[in-house]
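Subject: Structure handover

Hello,

Here is the structure you are taking over, with the sequence alongside. Please look through it first, then read the notes below.

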Amino acid sequence: MFSLSLDDVANGRAEVVDLTHDLREGTPIFPGGIPFTLEPLTQLSDGYYMNSFVSGEHTGTHVDAPAHFGKGLPTVDEIPSTNLVSQGILIDVQAKSSANSDYVLTLIDLQEWEKANGRIPAHALVILNTGWHQRWENPDRYLNRDESGALHSPGFAADAVRYLLKERNVNGVGIDTASIDPGKSTAFEAHKAVLQGGRYGVENLDNLNVLPGRGFSVVVAPMKISRGSGAPARVLAIVPR
Ligand SMILES: [Zn+2]
C-alpha cells in the first residue's frame with residue numbers, strides 16, 4: 001500500500017507540487033465558457049484590499065461534476081470528499097500528442113501502460129500528460145482551432161474511460177487540455193463515460209512534467225458551489241523527492 005504522510009513533506013522526503021494554473025484574464029477558454037475577471041472593490045488605502053471576480057464554473061483548472069452530463073447526478077458540492085484525495089497515476093503521451101494533435105488514449109494504450117508500469121490501483125486519479133499545459137500562455141495554440149473552428153487537442157477514448165471506471169474503480173480522470181475528450185469531439189463520449197459513471201474529471205492541469213508515473217498523491221479541491229456543474233479547483237500533488 002502506497003502512502004505519503006505530512007511528516008514526509010515536513011522532513012523533505014516529499015514535496016507539494018501545484019498542478020493549478022493561475023486564475024486570471026487572458027487564459028484559454030473552452031467555447032461557451034466565461035473568462036475570469038477580477039474587479040477591485042477596495043484598496044489598502046481604504047483600510048483593506050479586496051476584489052470581486054467573475055468566472056465560469058469551467059474556467060481555469062477545474063472539476064467537472066457528474067451533473068455536467070447527467071440529470072440527477074451529483075453536483076460539485078456533492079462529490080464525496082474522500083473521492084477528492086487519490087493516488088496519482090500519470091500517463092505520459094507527449095510524444096504521441098506532439099505527432100498527432102487528435103491523439104486519443106485507447107484501451108489498448110492503457111493495457112500496455114499497465115503491462116509496463118503495473119496495475120492501476122482502486123481510487124486513483126488517472127492523469128494524461130499530453131504536453132498541452134506548456135501551451136497555456138498561448139490560447140490559440142492551446143485550443144488549436146482549424147479553419148472550420150474545430151478544436152484539435154488530445155484526449156481519452158471512451159473505452160479507456162469505461163475500463164478505468166468498471167475494472168479499476170478510479171475516482172476520476174484528469175488532463176492538461178481544456179477537455180477530457182479529444183478537442184474535435186462533439187459527442188463528448190469520454191465526458192459521458194466518466195460523469196454518467198458518477199466520477200469526476202479535472203481539466204486544464206499544469207506542471208505535469210514533474211510527476212512520476214505513479215507513487216504520488218493528489219488532492220483535488222473544487223470550490224463548493226451549491227448545485228454547481230463544476231468549479232475552479234486547486235489541485236495539489238504530494239510527490240516523493
Ligand atoms: Zn469542464
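In this predicted model, Glu15 is partly exposed, at a relative accessible area of 31%. Its salt-bridge partner is Arg241, and the closest N and O atoms of the two are 3.7 Å apart. This pair links distant parts of the chain, since Glu15 is in strand β1 (residues 14-18) and Arg241 is in the segment after β12 (230-240), 226 residues apart. Arg241 counts as exposed, with 65% relative accessibility.

**Other salt bridges**

How many salt bridges does the structure hold? There are six. Side chains of opposite charge can pair when their charged atoms come close. Besides the pair above, one of them is between Asp18 and Arg234, with 2.6 Å from N to O. Asp18 is partly exposed, with a relative accessible area of 23%.

Another is formed by Asp8 and Arg13, whose closest N and O atoms are 3.0 Å apart. Asp8 counts as buried because its relative accessibility is 13%, which is under the 20% cut-off. Arg13, at 49%, counts as partly exposed.

**The zinc ion**

Which residues are the protein donors of the zinc ion? They are His58 through ND1, His62 through NE2, Asp64 through OD and Glu203 through OE, at 1.9 to 2.4 Å from the ion. The angles between these four donor atoms run from 75 to 168 degrees, so the arrangement is irregular. For reference, the ideal angle at a metal with four tetrahedral donors is 109.5 degrees.

Along the chain, the donors of the zinc ion have the spacing H-x3-H-x1-D-x138-E. His62 is in strand β4 (residues 62-64) and Glu203 is in strand β10 (residues 200-203), so this pair ties together parts 141 residues apart in sequence. Are these two buried or exposed? His62 is buried, at 1% relative accessible area, and Glu203 is buried as well, at 3%.

β9 pairs with strand β7 (residues 124-129) through four bridges, and the two run parallel. Leu125 has Gly172 as its bridge partner in β9. β9 also pairs with β10, again in the parallel sense, over three bridges. In that pairing, Val173 stands opposite Gly201. With helix α6 (residues 189-195), β9 and β10 make up a right-handed β-α-β unit.

**Nonpolar cores**

The largest nonpolar core has 25 residues, and those touching the most other members are Ile91, Leu105, Leu110, Ile120, Val126, Phe156 and Leu164. At least two residues of this core come from each of β5 (85-92), α3 (107-117), β7, α5 (158-166), β9 and α6. Which element gives the most to this core? It is α5, with five residues. A further core of 23 residues lies apart from it, and its members include Val17, Leu125, Phe216 and Val235.

Regards

Technical notes: Residues are numbered from 1 along each chain as its sequence is written. This is a predicted model: local features need pLDDT of at least 70, side-chain atom pairs count only at pLDDT 80 or more; totals for chains, interfaces and linings use all residues. Side-chain values use heavy atoms; hydrogens and water are left out. Donors are N, O and S atoms within 2.8 Å of the metal (3.2 Å for Na, K and Ca); water is not among the atoms, so sites may look incomplete. Four donors count as tetrahedral if all angles lie between 85 and 135 degrees; four count as square planar and six as octahedral if opposite donors are over 155 degrees apart and all others between 65 and 115; anything else is irregular. Buried means under 20% relative accessible area, exposed over 50%, partly exposed in between (1.4 Å probe, protein chains only). Two strands pair if DSSP finds at least two bridges between them. A crossover is right-handed if, with the strands pointing away from the viewer, the path from the first strand over the helix to the second runs clockwise. A salt bridge is a side-chain nitrogen of Lys or Arg within 4 Å of a carboxyl oxygen of Asp or Glu. A nonpolar core is a set of buried Ala, Val, Leu, Ile, Met, Phe, Trp, Tyr and Cys residues joined through side-chain atoms within 4.5 Å.
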